[in-house]
Amino acid sequence: MKTRLWRARRLAIVVAALLVAVGCGTPGSSLTPSDPVAGSFGLRATVSQAIPPVARFTWLPYVLITTDGTVVRQGPVPAIFPGPLLANLQGASLSDAGYDLIVERARALGLLEGSGDFVPAGMPLGGQTGAVELRIDGELRAITGDPTRTIQCITTPCDPEPGTPEAFGTFWAELGDLGSLVGSELGQDTAYHPDGFALLIGIEPPDDSGLGRQVATWPLDTPIADIGIPVGNELRPRCGTVAGEDAATLEAAFAAANQLTMWVDRGGDPADAVSIAVRPVLPGEDPCQELFGVDG
């Protein structure tokens, strides 16, 4: 599967280069990065906060648009306990024209000028900061701000002053409702299956509220102890990444598990079972490196 994706990305790069060469390219709409390994998303919106990275491990992007024009978002999560172990990821196709509309909206809001820092003065310490990375003509631009900062409107039109924290907050809100921004250029959501999973192994088990431990057999031939590099807090959990056929095997096992599931190797003692936090690896991301600085 990875080989097919790599070939598809290489083909996309060649086609884009040919279009530009004959003058058919669309200014400001290049989703294809110059280096498909270094970056394979056209846009990524994420939230950060000054809390330990172990606590942020399962935080997925607010929205991510891949270089082949797939919008990846989290779908609804059942309001049950324990909740599912896997995030409900949805993917929808986005046309080049739709991506153009997103870029032009950012430009109209004055977010593509200056330093890209739209964090308001006096923002509380420990508050959440939003970051949007978007690719324009093959180059990534990063803008930051308060994702909750908006204007209060009494009449319409209701547009913030360009280049302000409120402009950033407005753009952030519109990224969460892309259908309203790009209309028919966005397709229908379908289940999105990632190419891999980042695992944080040996985390503190969540409170089971009296339901008791739920132990499952680890489905891979590779023992749990052989996956990942120690990181984080005093518990020293290990961060590792699983891809390829093993990722498909894990996805099936994780789909049948929940947040309270603990894992033990085949034939192992259930008393040795460990808790594992799971994060899908999306295009252009490396959670173990980005959060802990290790190549898991």
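Predicted model: local features only at pLDDT ≥ 70, side-chain atom pairs only at ≥ 80, totals over all residues.
User: Why is Phe254 called buried?

Analyst: A residue is called buried when its relative accessible area is under 20%. Phe254 has a relative accessible area of 0%, so Phe254 falls under that limit and is buried.

User: What makes Phe197 and Phe254 an aromatic pair, and how do you know whether the pair is stacked, tilted or edge-to-face?

Analyst: Two rings pair if their centres lie within 6.5 Å, and the centres of Phe197 and Phe254 are 5.9 Å apart, so these two rings form a pair. Planes over 60 degrees apart count as edge-to-face, and here the angle between the planes is 85°, so the pair is edge-to-face. By the rule for ring pairs, the count comes to 6 aromatic pairs.

User: Why can the pair of Phe197 and Phe254 be said to tie together separate parts of the chain?

Analyst: Phe197 belongs to strand β9 (residues 196–203), while Phe254 belongs to helix α6 (residues 245–255), so the pair ties together parts that are 57 residues apart in sequence. Ring pairs also link Phe197, Trp218, Phe254 and Trp263 into a cluster.

User: Is Phe197 itself buried or exposed, and which residues is Phe197 in contact with?

Analyst: The relative accessible area of Phe197 is 1%, and because buried means under 20%, Phe197 is buried. If its neighbours within four places in sequence are left aside, the residues in contact with Phe197 include Leu86, Gly240, Thr241, Val242, Ala247 and Glu251, and Val278, Arg279, Pro280 and Val281 are also among them. The C-alpha atoms of Phe197 and Gly244 are separated by 9.7 Å, although these residues are 47 residues apart along the chain.

User: Why are helices α3 and α4 called roughly antiparallel?

Analyst: Two packed helices are described by the angle between their axes and the distance between the axes. Helix α3 (residues 96–108) and helix α4 (residues 165–175) pack at an angle of about 165°, with their axes 10 Å apart. Angles over 145 degrees count as roughly antiparallel, and therefore α3 and α4 are roughly antiparallel to each other. The crossing of these two helices is right-handed.

User: Which residues meet where α3 and α4 pack?

Analyst: Ile102, Arg105 and Ala106 in α3 meet Thr170, Phe171, Glu174 and Leu175 in α4.

User: What makes α4 a mostly covered helix?

Analyst: In α4, 9 of its 11 residues are buried, and for that count the helix is described as mostly covered. Among the buried residues of α4 are Glu166, Phe168, Trp172 and Leu175.

User: How do you know that Ile102 counts as buried, and what surrounds Ile102?

Analyst: Ile102 has 0% relative accessibility, which is under the 20% limit, so Ile102 counts as buried. Apart from neighbours within four places in sequence, Ile102 is in contact with Leu43, Ile65, Leu94, Phe171, Leu175, Leu178, Leu181 and Val182. From Ile102 to Leu181 the C-alpha to C-alpha separation is 7.4 Å, while in sequence the two residues are 79 residues apart.

User: How many helices and strands does the protein chain have, and what share of its residues is buried?

Analyst: The protein chain has 7 helices and 14 strands, and buried residues make up 42% of its 296 residues.

Notes. Residues numbered from 1 in each chain as written. Heavy atoms only, no water. Phe/Tyr/Trp six-rings, centres within 6.5 Å; stacked < 30°, edge-to-face > 60°. Helix = DSSP H or I, 4+ residues; strand = E, 2+ residues; numbered from the N terminus. Buried < 20%, exposed > 50% of the residue type's maximum accessible area, 1.4 Å probe, protein only. Axes fitted to C-alpha atoms, helices over the stretch in contact; angles between N-to-C directions. Parallel < 35°, antiparallel > 145°, perpendicular 65-115°, else oblique. Left-handed = near helix turned anticlockwise from the far one by under 90°. Contact = heavy atoms within 4.5 Å.
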